[in-house]
Amino acid sequence: MALIEKNTLHIVGYDLIDRDHDEFIALINHLDSASNADFPALFQQLHEHTEQHFDRENQLMLQFAYPGEIEHKGEHQRVLGEFRQFKTRVNKGMITFGRAFVRERLPQWFGLHVTTMDSALVAHLNNHNLT
Ligand SMILES: [Fe+2]
Ligand SMILES: [Fe+2]
């Protein structure tokens, strides 16, 4: 079974963001079944993709004067800080720590973030586009 099974709750209805979320899910599921030898490079790929995904959302917040920008950007920063900590461990050969982060931390975080902060951002973007 995949670590994250995509479901309707994961679809926010804004293509640019939904595409990033699809890729995040695919990378997480790929990492879960990766060998120890392949894990560090894939972890790096997930980290880089997440930085780009967050940058794209941050840019939308700025562009459309999103009132929740500070909190949402702050949450992105916090998660990237966790990524950096775990990447340091993974690069030292501590793959078990990276696997725990991917299996036990990221799926729960992602589900909550998408249904709260990302969904609230999309509601704002959709309102903006209507006016
Ligand atoms: Fe997102
Ligand atoms: Fe976000």
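1. Ala65 is exposed, with a relative accessible area of 59%; exposed means over 50%, buried under 20%, and partly exposed in between, with a 1.4 Å probe and protein chains only. Ala65 sits in the loop between H2 and H3. Its phi is near 45 degrees, a positive value in a residue other than glycine.

2. On the basis of this note: the model is predicted, local features need pLDDT of at least 70, side-chain atom pairs count only at pLDDT 80 or more, and totals for chains, interfaces and linings use all residues. Residues are numbered from 1 along each chain as its sequence is written, chains are lettered from A and ligands numbered from 1 in the order in which they are written, and side-chain values use heavy atoms, with hydrogens and water left out.

3. The chain has four helices and zero strands, and its elements run α-α-α-α from the N terminus on. The radius of gyration is 15 Å, close to the 14 Å that the globule rule gives for 131 residues, so the chain is as compact as a globular protein of that length. Helices (H or I, at least four residues) and strands (E, at least two) are DSSP runs, numbered from the N terminus. The radius is taken over C-alpha atoms, and the globule rule is 2.2 Å times the number of residues to the power 0.38.

4. The C-alpha trace spans about 50 × 30 × 20 Å along its principal axes. Of the 131 residues, 46% count as buried. The accessible surface of the chain is about 7100 Å², and 54% of that belongs to carbon and sulfur atoms. Among contacts with a separation of 6 or more, 73% are between residues 24 or more positions apart; contact means heavy atoms within 4.5 Å.

5. Which residues touch the most other members of the largest nonpolar core? They are Ile17, Phe43 and Leu46, in a core of 34 residues. Helix H1 (15–32), helix H2 (39–63), helix H3 (69–91) and helix H4 (95–130) each give two or more residues to this core, and H4 gives the largest share, ten residues. Such a core is a set of buried Ala, Val, Leu, Ile, Met, Phe, Trp, Tyr and Cys residues joined through side-chain atoms within 4.5 Å. In soluble globular proteins, nonpolar side chains tend to be buried together.

6. Not counting residues up to four places away in sequence, Phe43 touches Leu31, Phe83, Phe86, Lys87, Val90, Gly98, Phe101 and Val102.

7. Leu60 belongs to helix H2 and counts as buried at 8% relative accessibility. Beyond four places in sequence, Leu60 touches Tyr14, Leu16, Ile17 and Leu125. Leu60 and Val122 are 62 residues apart in sequence, with their C-alpha atoms 9.6 Å apart in space.

8. Is Glu75 buried or exposed? Glu75 counts as buried, at 16% relative accessibility. This residue is in helix H3, and its contacts, again not counting residues up to four places away in sequence, are Trp109, His113 and Met117.

9. Ser35 lies in the loop between H1 and H2 and counts as partly exposed, at 35% relative accessibility. From Ser35 to Gly98 there are 63 residues in sequence and 12 Å in space, C-alpha to C-alpha.

Technical notes: Areas by Shrake-Rupley, 256 points an atom, 1.4 Å probe, with all protein chains shown as cover.
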